Amino acid sequence: MSLFGLGSRNQRTFRPKKSAPSGSKGAQLRKHIDATLGSGNLREAVRLPPGEDINEWLAVNTVDFFNQVNLLYGTLTEFCTPENCPTMSAGPKYEYRWADGIQIKKPIEVSAPKYVEYLMDWIETQLDDELIFPQKLGTPFPSNFRDVVKTIFKRLFRVYAHIYHSHFQKIVSLKEEAHLNTCFKHFILFTCEFGLIDKKELAPLQELIESIVPY
């Protein structure tokens, strides 16, 4: 069985799992995450541990959430195809276009799998850039670190929104809805704890979010 008990289908997972920055406090913070998650108390699991640096905490969790979304989406790659999902959408009212501000400056319409591919490549580039996610203990985080993290979370949310709107029945048939819901709840509680996504961005899944975090 693979991680989270999702079975061998995940051998097709989108890309290799990222690990926390080596030499950082990542390993220590990850132990804290595992311990609090193991208790089943997600609200406790998202809180900044006493005395810890908020940027370190954001960094370790960003890597974790990237891996989680990757793993979830990896179970759907044979169903989320350019034919089935010609646009990256979250229901009829919300469509997402891709731009990274560097190679693609003007947002372009792409299929959902292409959007996710662009997105995961872009996030990996951020995570691998030591000027943004420092690898060595004591190296300062850049002044725009929180903005980068917010953009990553905003875009990871879009993958969740697409999965829920376009592939939830498939998730149910694969018996993965409990796992999806737990991952999403953890993601939303973390985002709300640190104010990482604007409320208007959360609109496609507002009802679901209100059942997790009553406003």
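**Entry 1: order of elements**

I read the pattern along the sequence as α-α-α-β-β-α-α-α-α. I count 7 helices and 2 strands in the secondary structure of the protein. Helices (H or I, at least four residues) and strands (E, at least two) are DSSP runs, numbered from the N terminus.

I note that this is a predicted model, in which local features need pLDDT of at least 70 and side-chain atom pairs count only at pLDDT 80 or more, while totals for chains, interfaces and linings use all residues. Residues are numbered from 1 along each chain as its sequence is written, and side-chain values use heavy atoms, with hydrogens and water left out.

**Entry 2: the protein as a whole**

I looked up burial: of the 215 residues, 51% are buried. Buried means under 20% relative accessible area, exposed over 50%, and partly exposed in between (1.4 Å probe, protein chains only).

I then looked up contacts, meaning heavy atoms within 4.5 Å. Among those between residues at least 6 apart in sequence, 73% join residues at least 24 apart.

**Entry 3: helices H5 and H6**

I asked at what angle H5 and H6 pack. Helix H5 (residues 145-173) and helix H6 (residues 177-194) have an angle of about 155° between them, and their axes are 11 Å apart. Axes are lines fitted to C-alpha atoms, for helices over the stretch in contact, and angles run from 0 to 180 degrees between N-to-C directions.

H5 and H6 are therefore roughly antiparallel to each other; the cut-off for that term is an angle over 145 degrees. I also noted a left-handed crossing of H5 past H6, in which the near helix is turned anticlockwise from the far one by less than a right angle.

On the H5 side, the residues that meet H6 include Arg-146, Phe-153, Leu-156 and Tyr-164. On the H6 side, they include Glu-177, Asn-181, Phe-184 and Phe-190. By class, this contact has 16 nonpolar, 2 polar and 2 charged residues. Ala, Val, Leu, Ile, Met, Phe, Trp, Tyr, Cys and Pro count as nonpolar, Asp, Glu, Lys and Arg as charged, and the others, Gly among them, as polar.

**Entry 4: aromatic rings**

I found 15 aromatic pairs in the structure. Rings of Phe, Tyr and Trp (its six-membered ring) pair if their centres lie within 6.5 Å; planes under 30 degrees apart count as stacked, over 60 as edge-to-face and the rest as tilted.

Phe-153 and Phe-190 form a stacked pair, 5.7 Å centre to centre with 20° between the planes. Phe-153 is in helix H5 and Phe-190 in helix H6, 37 residues apart. Both Phe-153 and Phe-190 are buried.

Tyr-164 and Phe-184 form an edge-to-face pair, 5.3 Å centre to centre with 65° between the planes. Tyr-164 lies in H5 and Phe-184 in H6, so this pair ties together parts that are 20 residues apart in sequence. Tyr-164 and Phe-184 are both buried.

I traced a cluster linked by ring pairs; among its members are Phe-65, Phe-153, Tyr-164, Phe-184, Phe-190 and Phe-194.

**Entry 5: two loop residues**

Is Lys-175 buried or exposed? Lys-175 counts as exposed, at 73% relative accessibility, and its place is in the loop between H5 and H6. Lys-175 is not a glycine, yet has a positive phi of about 60°. Most residues other than glycine have a negative phi.

Leu-48 sits in the loop between helix H2 (42-46) and helix H3 (54-74) and counts as partly exposed, at 31% relative accessibility. Not counting residues up to four places away in sequence, Leu-48 touches Asp-53, Ile-54, Trp-57 and Phe-194. From Leu-48 to Glu-193 I noted 9.1 Å, C-alpha to C-alpha, across 145 residues of sequence.

Notes: Parallel < 35°, antiparallel > 145°, perpendicular 65-115°, else oblique.
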